Amino acid sequence: MTDTARLSGPSGDPAQARHLFRYLGGDEWPEYRAILKVFASTFFAEFTPQEVESAVAPVGIDASVVADRMESLRRWGNLTVSSSVGNPSNLDDYYRKRNRYLITRAGQEVFELVEQVLAKADEIGDVQAGRLRDLHHALQALNEHSKVGFDRVDSQDLADAVRKVFDLHKAFANELTQFFTELNQWQSRYDLNADEVQFFAGVLVDYVHEQLTEIERMTRPIARTLEEILPEVAALLPALQSGLAVRVEEAGLAQNVTVRRLPGTEVADWKHLEAWFSAQPGQASRLDGLTRQAVAAVRTLTANVTRLSRVGLGAASRRSDFVRLAGFFDQAASSNEAHQIAAAAFGLGSCRRLGDLSTDSDDPAPTITPWKDAPRAVVPVAMRERGETATRGLATPITDRRHERELLRRRRELNRVARETAAADLLACAGDDGQINGARLSAASFSMLRDLVSRSGLRVGIDSDRRFATEVGICCEVQRIEGARTVVHCPEGKLSMHGLIVTITPAAETSAANSASP
């Protein structure tokens with residue numbers, strides 16, 4: 001069995017293989033594509049930049065950029081410089097022949113893969129359910145070899161039989177997976193025109209039914225044949241150990257040269273094939289799962305088509321009606337005429353607004369503003385052209401609040417300084433023993449004293465004989481003593497506190513005194 005080398009970068013590192021696709025990332029990708037097309041048609045051909053310039057001239061590519069584009073492709077691994085210089089007659093001839101490029105194997109594979117995807121991007125894949133019959137025949141032929149004995153069959157015949165089995169399965173699996181992916185996208189279509197409704201109702205539903213019937217008919221025979229072959233796989237694998245991978249291992253180069261084995265040369269490949277057609281413990285087969293998903297998608301699709309057909313073929317999609325109505329609004333001579341059109345179309349008066357909530361954080365008009373008086377709305381492109389309400393693109397930028405935050409910070413700083421000044425003033429007005437009786441306070445220090453006295457009773461209660469409150473470095477002690485009296489003066493008047501002695505001291509001294517008391 002033949003083995004193929006794994007796709008890798010120029011240095012053999014698979015992580016560098018992504019550079020092979022870099023020519024698709026920019027606006028210059030048509031130029032890179034045209035240059036690679038010159039090389040891809042003849043794998044072993046060597047071209048100079050001048051020859052490539054002549055080849056791509058009909059496409060309209062600037063000849064001055066061809067050399068730079070080819071050098072970029074060389075750096076990414078799509079092209080390489082030829083090592084053949086022939087028999088140059090002079091130094092100029094040597095450099096001219098040395099400056100020749102040819103496409104690499106990885107570059108050839110990437111180019112073919114990209115071209116294949118671009119060519120089939122808009123095509124609907126066709127499922128060849130008949131491949132299952134061919135797969136069944138191939139498995140039966142391999143089963144006949146197992147009955148004879150794999151050791152008695154030519155190894156090349158066994159390799160061809162195994163390769164045929166897995167090639168057929170790979171082709172069928174790719175077609176089926178791609179088609180069911182498209183079917184999953186179609187089931188949620190609600191904006192169908194007449195031709196699309198006819199396609200879904202008259203073609204696609206019947207086609208899916210026919211394919212599922214053929215798949216179900218061939219699944220069980222294939223599963224039974226696999227049940228007979230799998231016990232003999234261990235005897236089959238030694239006969240398949242040939243090709244490039246085995247020769248590389250025998251030469252001791254497995255660590256330096258990476259070779260990909262073809263499917264069917266390992267037990268895991270056969271287990272994977274079995275999982276497609278046979279149910280495993282606690283898990284349905286891959287085909288059963290896909291079939292159930294396809295049936296569910298067809299039911300949803302049929303329900304949508306039926307709903308559309310009830311009101312006339314293609315008439316359920318209101319997109320054309322809304323586009324026509326939008327044309328009336330666009331051609332209105334004045335806002336009053338547009339208002340009349342809206343009232344006639346939706347039965348809404350001038351006190352209503354029709355539309356969605358604005359995603360703009362700076363929407364200038366409240367929701368109660370009549371639409372005819374509100375400023376012109378900014379309609380996203382997705383809503384205007386495709387009728388989609390999903391949010392796309394970048395989110396609304398966050399408003400810069402740095403100025404407001406700076407104002408708040410400065411305000412907090414001024415408040416802190418004011419509190420510290422008032423606390424210092426209050427402490428300075430206290431006597432040597434800390435009592436505040438008879439002091440004349442400023443308005444700010446008086447307000448702080450009043451706040452401290454009221455807060456002192458929050459924890460122990462207002463009827464407690466001794467209570468405390470602190471504020472930015474000072475401590476206010478309030479003692480209840482029968483017959484005592486504390487009076488303070490301020491610009492707003494006089495405050496008399498009967499039965500109370502108020503003492504203002506630094507907070508550190510008060511903490512030390514409390515900790516020293518028994």
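This is a predicted model: local features need pLDDT of at least 70, side-chain atom pairs count only at pLDDT 80 or more; totals for chains, interfaces and linings use all residues.
Colleague: Why is Phe 21 called partly exposed?
Modeller: Its relative accessible area is 33%. Buried means under 20% and exposed means over 50%, with partly exposed in between, so Phe 21 at 33% is partly exposed.

Colleague: Where is Phe 21 found?
Modeller: Phe 21 is in the loop between strand E1 (4-5) and helix H1 (29-40).

Colleague: How many aromatic pairs does the structure hold?
Modeller: There are 3 aromatic pairs.

Colleague: Why is the pair of Phe 39 and Phe 47 called edge-to-face?
Modeller: Ring centres must lie within 6.5 Å for a pair, and those of Phe 39 and Phe 47 are 5.2 Å apart. Planes over 60 degrees apart count as edge-to-face; here the planes are at 90 degrees, so the pair is edge-to-face. Both Phe 39 and Phe 47 are buried, that is, under 20% relative accessible area.

Colleague: How do you know that Phe 166 and Trp 270 form an edge-to-face pair?
Modeller: The distance is 5.0 Å centre to centre, against a limit of 6.5 Å. The angle between the planes is 85 degrees, and the edge-to-face class begins over 60.

Colleague: What does the pair of Phe 166 and Trp 270 tie together?
Modeller: Phe 166 lies in helix H7 (residues 155-186) and Trp 270 in helix H11 (residues 267-277), so the pair ties together parts 104 residues apart in sequence. Both Phe 166 and Trp 270 are buried.

Colleague: What makes E5 and E7 the edge strands of their sheet?
Modeller: The open sheet has 3 strands in the order E5-E6-E7, with antiparallel pairing. Strand E5 (466-471) and strand E7 (493-506) each pair on one side only. Neighbouring strands of this sheet are turned by 35 degrees against each other on average, direction ignored.

Colleague: How do you know that E6 pairs with E5 and with E7?
Modeller: Pairing needs at least two bridges. E5 and strand E6 (residues 474-490) have 6 bridges in the antiparallel sense, and Thr 470 has Cys 475 in E6 as its bridge partner. E6 and E7 have 13 bridges, also antiparallel, and Arg 480 stands opposite Leu 500 in E7.

Colleague: How many residues lie between E6 and E7 in their hairpin?
Modeller: The hairpin has 2 residues between E6 and E7.

Terms used: Residues are numbered from 1 along each chain as its sequence is written. Side-chain values use heavy atoms; hydrogens and water are left out. Helices (H or I, at least four residues) and strands (E, at least two) are DSSP runs, numbered from the N terminus. Buried means under 20% relative accessible area, exposed over 50%, partly exposed in between (1.4 Å probe, protein chains only). Rings of Phe, Tyr and Trp (its six-membered ring) pair if their centres lie within 6.5 Å; planes under 30 degrees apart count as stacked, over 60 as edge-to-face and the rest as tilted. Axes are lines fitted to C-alpha atoms, for helices over the stretch in contact, and angles run from 0 to 180 degrees between N-to-C directions.
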